[in-house]
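Subject: Structure for you to look at

Dear colleague,

I am passing on the structure below, and after it I set out what was found. Please read the notes with the model open beside them.

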Amino acid sequence: MTAHTTTAAEELIRPDPKRWRALALLSVAQFMLILDITVVNIALPSIGVDLGLSRATLTWVVTAYTLMFGGLMLLGGRAADIFGARRLVLTGLTIFTASSLVAGLSVNAEMLIGGRIGQGIGAALLSPAALSIVTTTFHGTERNKALGVWGALGGTGAAVGVLLG
């Protein structure tokens, strides 16, 4: 009796046992990206008072993030194709986290808007790369479930952002 060895084809078919953990991490990241859009909207009056910002400046606090996130998302997806989705997820997460720290510690409008621009850039790198990982890691009906989880957490981020703001 000989031990069964797996062939290269069988290795390709066998799903990664850590795929659900990866999905959880990517979904939480997507949750945070979407949460960040709405959480600031509700907190704008407090931010304006604390930093002495005008209404026009407060508009840029929201717009800077949204413009960078939406405007650079296609570039983020292409960069994930060129440099690898995992690398872009980590890069985007690093930029987003560092920029969140800058925005959170802001003492003036420039620092806050700069942090929000950085958050949008990080989000634009992270989000399409995360979606790419989800769609290539899961197959068949599992992919539908994984995309449902990823999308549901993203949508929940919008609702939770309003509550937390």
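In the second largest pocket, α2 gives the largest share of the lining, 5 residues (helices are DSSP runs of H or I with at least four residues, numbered from the N terminus). This is a predicted model, in which local features need pLDDT of at least 70 and side-chain atom pairs count only at pLDDT 80 or more, while totals for chains, interfaces and linings use all residues. Residues are numbered from 1 along each chain as its sequence is written, and side-chain values use heavy atoms, with hydrogens and water left out.

A pocket here is an open set of points on a 1 Å grid over the protein atoms alone, where a 1.4 Å probe fits, with protein on both sides within 12 Å along at least five of seven lines, and lining residues have an atom within 4 Å of a point. The lining of the second largest pocket includes Asp36, Ser100, Ala103 and Gln119.

Gln119 lies in helix α5 (residues 109–137) and is buried, with a relative accessible area of 3% (buried means under 20%, with a 1.4 Å probe and protein chains only). Its side chain makes a polar contact with the side chain of Asp36 (3.1 Å), that is, a pair of N or O atoms within 3.5 Å, where one must be able to donate a hydrogen and the other to accept it.

As for the largest pocket, Ala22, Leu25, Leu26, Val89 and Leu90 lie nearest its centre among the 19 lining residues, and α2 again supplies the largest share, 8 residues.

With best wishes

Methods: Helices (H or I, at least four residues) and strands (E, at least two) are DSSP runs, numbered from the N terminus. Buried means under 20% relative accessible area, exposed over 50%, partly exposed in between (1.4 Å probe, protein chains only).
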